[in-house]
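Hello,

Here is the structure I promised to pass on to you. Have a look at it first, and then read my notes below.

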Amino acid sequence: MSSGDDQRSQAFAKPTFSEAQACALVESVFGLKVSKIQPLPSYDDQNFHICVSRAKDTTDGPTEYVLKVSNTESSKAPDLIEVQSHILLFLHEAGFPTASVCRTKADNVASLVSVDRGSEVKSYLVRLLTYLPGRPVAEVPISPQLLYEIGRLAGKLDKTLEKFQHPKLSSLHRENFIWNLKNVPLLEKYLYAMGQNRNREIVEQVIQLFRNEVMTKLPHFRECINHGDFNDHNILIESSKSACGDAIYQVSGILDFDDMSYGYYVFEVAITIMYMMIESKNPVQVGGHVLAGFESVVPLTPIERGALFPLVCSRFCQSLVMAAYSCQLHPENEEYLMITAKTGWKHLQQLLDMGQGAVEEIWFGTARSYESGISM
């Protein structure tokens, strides 16, 4: 998604491998025999949950994986995918609940596969990751404590990546990447997908808010590597029973590192707040708990805190506008693409109606309550 034109070609270039072709890929590239395969929902790549037959002379090692087939545009950036794969390995070794990367028969983290599509030959980067069990956090009632833990996890992840080194790390400087929060003004290229309605006016209002309240502050934000998509379908949880029989949820997995790029600490917490609001019955209350968790690892500066409200609103707009655009291209994938839109417009409108001051009072007041040991 490196530019407006790239976004258009990328959207048209989503892979369309059959299950049989995917099984053949796993065997030819990774040397594993597939015993079961199931397609997984995805935005613009193609993913499969696969089970493999264990060799007769082995009794250990994973038997479940996710085959990831990158779209043709992403496949033109092998350095970026290599860095993302090595970040997964780095975080896994550091104790984070991330997938591990299965190496190819040639001992690489990915392989470029060329397919003759009749009129042209297309190339796709394929990877195999270990499968992470658990339920998406979107499927369970989310408690203040879990929101705090998710915020803390986001902060720990960004902080840990300060130590990550790789010779191709500069590939994470994705200057015109549409999902990087600093590129909110690029949404103007896609507003036609909204038609002429109230929702489009809301987006135009937020883009102007971003220009006024965020762009001038960017030089004052602390830079870091962002996961960039800490959403409620990319965070997996598992439950256990408390002493009194209630379900206690803990994060068991972090998925989808494909939107990683250089950004800022405040971007990560804003993105996390926005997505944790989607399924919440009390969406405005969410921000304070996530913020408290994040700031237990990385306290924000006053300037960063002052940008949090417009950044959360901006991320709503990124998700809502790009979903509307992608639905025009892939109407068959509408159910998956429009997950945010089910509640997103309502939540965004509520934030704007309340205003920055009132929302900040709730968020910052809740965050302060953790400092005193009394969470709200």
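Let me begin with a pocket. Three helices, H4 (144–160), H6 (265–277) and H7 (283–295), each supply at least two residues of the lining of the second largest pocket. H7 gives the most to that lining, with three residues. Please keep in mind as you read that this is a predicted model.

The volume of the second largest pocket is about 320 Å³. Its lining is made up of 18 residues, and the closest to the centre of the pocket are Pro141, Ile142, Glu279, Ser280 and Lys281. By kind, the lining residues of the second largest pocket divide into 10 nonpolar, five polar and three charged.

Since H7 has come up already, here is some more on that helix. How many of the residues of H7 are buried? The count is 12 of 13, so H7 is mostly covered, where buried means under 20% relative accessible area. The buried residues of H7 include Pro283, Val284, Val286, His289, Leu291 and Phe294, and also Glu295 at the end of the list. As for their partners, the buried residues of H7 pack against H4, H6, helix H8 (302–306), H9, helix H11 (341–354) and helix H12 (356–371).

In soluble globular proteins, nonpolar side chains tend to be buried together. In this model the largest nonpolar core has 96 residues, and Leu348 and Leu351 are those with the most contacts inside it. Which helix gives the largest share of this core? That is helix H9 (residues 308–329), with 12 residues. Another core lies apart from the largest one; this other core has 21 residues, among them Val29, Phe30, Val34 and Cys102.

Leaving aside neighbours within four places in sequence, Leu348 is in contact with Ile202, Val206, Cys313, Phe316, Cys317 and Leu320.

A search of the whole structure finds three cavities of 30 Å³ or more. The second largest cavity has a volume of about 60 Å³. Around the second largest cavity you will find Trp179, Asn180, Leu181, Asn226, Gly228, Asp259, Ser261, Phe267, Ile271 and Arg315. These lining residues divide into four nonpolar, four polar and two charged.

Is Lys68 buried or exposed? Lys68 counts as buried because its relative accessible area is 10%, and the cut-off is under 20%. The side chain of Lys68 makes a polar contact with the side chain of Asn47, at 3.5 Å. Not counting residues up to four places away in sequence, Lys68 touches Gln46, Asn47, Leu125, Val126, Arg127, Leu129 and Asp258.

Ser70 sits in the loop between E3 and H3. With a relative accessible area of 3%, Ser70 is buried. Apart from neighbours within four places in sequence, the contacts of Ser70 are Pro15, Asp45, Ser75, Ile81, Tyr124, Leu125 and Arg127. Leu125 and Arg127 are also among the residues that Lys68 touches.

Phe90 is another residue to look up, in helix H3 (residues 78–93). Phe90 is partly exposed, with a relative accessible area of 24%. Leaving aside neighbours within four places in sequence, Phe90 is in contact with Thr160, Leu161, Lys163 and Phe164. How many residues apart in sequence are Phe90 and Leu351? They are 261 residues apart in sequence, and 37 Å apart in space, C-alpha to C-alpha.

Finally, two loop residues with positive phi. Asp107 has a phi near 65 degrees, a positive value in a residue other than glycine. Where is Asp107 placed? Asp107 is in the loop between strand E4 (101–102) and strand E5 (111–116). Asp256 is not a glycine either, and has a positive phi of about 60 degrees. The loop that holds Asp256 runs between strand E10 (247–254) and strand E11 (261–264). Asp256 is partly exposed, with a relative accessible area of 28%.

Do write back with any questions.

Best wishes

Methods:
Residues are numbered from 1 along each chain as its sequence is written. This is a predicted model: local features need pLDDT of at least 70, side-chain atom pairs count only at pLDDT 80 or more; totals for chains, interfaces and linings use all residues. Side-chain values use heavy atoms; hydrogens and water are left out. Buried means under 20% relative accessible area, exposed over 50%, partly exposed in between (1.4 Å probe, protein chains only). A polar contact is a pair of N or O atoms within 3.5 Å; within protein, one must be able to donate a hydrogen and the other to accept it, and residues adjacent in sequence count only if both atoms are side-chain atoms. Contact means heavy atoms within 4.5 Å. On a 1 Å grid over the protein atoms alone, a cavity is a set of points where a 1.4 Å probe fits but cannot get out, and a pocket is an open set with protein on both sides within 12 Å along at least five of seven lines; lining residues have an atom within 4 Å of a point. Grid points are joined across faces, edges and corners, and a volume is the space filled by probe spheres set on the points. Helices (H or I, at least four residues) and strands (E, at least two) are DSSP runs, numbered from the N terminus. Ala, Val, Leu, Ile, Met, Phe, Trp, Tyr, Cys and Pro count as nonpolar, Asp, Glu, Lys and Arg as charged, and the others, Gly among them, as polar. A nonpolar core is a set of buried Ala, Val, Leu, Ile, Met, Phe, Trp, Tyr and Cys residues joined through side-chain atoms within 4.5 Å.
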